[in-house]
Amino acid sequence: MDTDPPLGDDARDRTATREPRDSLLTDGGVATTQAFYTRWARLYDAIARRTPGIGGLRERAAERLAPARGDVVVDMGCGTGANLPYFRERVAPEGRVLGVDFTPGVLAVAHDRLRDVPAVSVVRGDATRPPVDEADAVFASFVSGMLADPAAAVRTWAEIVGPGGRLGLLDLARSTRPVGRPLNDVFRLVVRATSPPGTRSRLDDSPAARLDRRVVAAHRALLECCDDVEHETAALGYARLSVGTVAESRE
Ligand SMILES: C[S@@+](CC[C@H](N)C(=O)[O-])C[C@H]1O[C@@H](n2cnc3c(N)ncnc32)[C@H](O)[C@@H]1O
């Protein structure tokens, strides 16, 4: 994998000066979230790449986002980089793929695995204040639910790609489909068990309810700033994919 920021030296410089802000991030705080994902980075990587059906979902998301050959695609909250090869396949050889994440442990795993893949880079940065000013497409999977203000983040990402650019979100939330609803209690327990400490125990707002709310807010924000939005669900309704083309400003 490339270690140079693909979007110019600037990208690294700006990343270095933009420390993640606690106030906009997960309820447990940045440090707790980073420690959690660093500790479980290898396990997360296995889950992110080998869970049955997950590869198909990522492939589908890349197909729907449909970056063109030569495009620059940014994956916000890229984790261990599971999406990056799917985007690279579409933009290669001239295009570039950049993963942004604020957790050093997951970036180290991404770096190890993708170091020899040309035109793919990862950089440490806050997805809510990304170290990138321009891209053709921005994507984020399983990240919306971790952001205190996901709609604001989506609007920021829309500004980065600008009118005509592509925006995509893939998230998990409780199912509203009759076929999936009976398993919502199991989903709720899984969300609680896999949430960083400090986000699990509030009685007034369960992790699953908060996840749902944030996912809905993020996908709604995408709908509001994009034309031609395609939305679909998979995995019994637990996976939600939205993609669209950013519209001219509607103000
Ligand atoms: C559930 S993982 C998803 C990883 C990857 N997108 C995937 O599909 O496997 C969430 C990731 O988002 C990252 N993250 C959460 N909030 C972030 C933020 N504000 N800026 C950058 N990364 C963030 C975490 O460090 C973690 O790696």
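User: What makes H9 a helix that lies across strands, and which ones?

Analyst: In this predicted model, H9 lies across S5, S6 and S7. Contact here takes C-beta atoms within 7 Å. Against S7, H9 runs at about 25°.

User: Which strands does the sheet hold, and in what order?

Analyst: There are 7, ordered S3-S2-S1-S4-S5-S7-S6, in an open sheet with mixed pairing. Averaged over neighbouring strands and ignoring direction, the turn is 15°.

User: Why are S3 and S6 said to stand at the edges?

Analyst: Strand S3 (120-124) and strand S6 (226-234) each have a single partner strand, so one side of each has no neighbour in the sheet.

User: What makes S5 and S7 a pair?

Analyst: Pairing needs at least two bridges, and S5 (residues 166-172) and S7 (residues 239-246) have 7 bridges, in the antiparallel sense.

User: Which residues touch the most others in the largest nonpolar core?

Analyst: That core has 64 residues, and those touching the most other members are Val73, Val74, Ala135, Val138, Trp157, Val161 and Leu167. Helix H9 (residues 207-225) gives the most to this core, with 7 residues.

User: What is Ala135 in contact with, leaving aside neighbours within four places in sequence?

Analyst: Its contacts are Val72, Val73, Val74, Ile160, Val161 and Gly165; to count, the C-beta atoms have to lie within 7 Å.

User: How many residues around the ligand are nonpolar, polar or charged?

Analyst: The shell has 13 nonpolar, 6 polar and 2 charged residues. Of the 21 residues there, Gly77, Gly79, Thr103, Ala127 and Ser141 come nearest.

How values were computed:
Residues numbered from 1 in each chain as written. Predicted model: local features only at pLDDT ≥ 70, side-chain atom pairs only at ≥ 80, totals over all residues. Core = buried A, V, L, I, M, F, W, Y, C linked by C-beta atoms within 7 Å. Buried ≥ 20, exposed ≤ 12 C-beta atoms within 10 Å, placed from the backbone. Helix = DSSP H or I, 4+ residues; strand = E, 2+ residues; numbered from the N terminus. Contact = placed C-beta atoms within 7 Å. Near = placed C-beta within 6 Å. Nonpolar A, V, L, I, M, F, W, Y, C, P; charged D, E, K, R; others polar. Axes fitted to C-alpha atoms, helices over the stretch in contact; angles between N-to-C directions.
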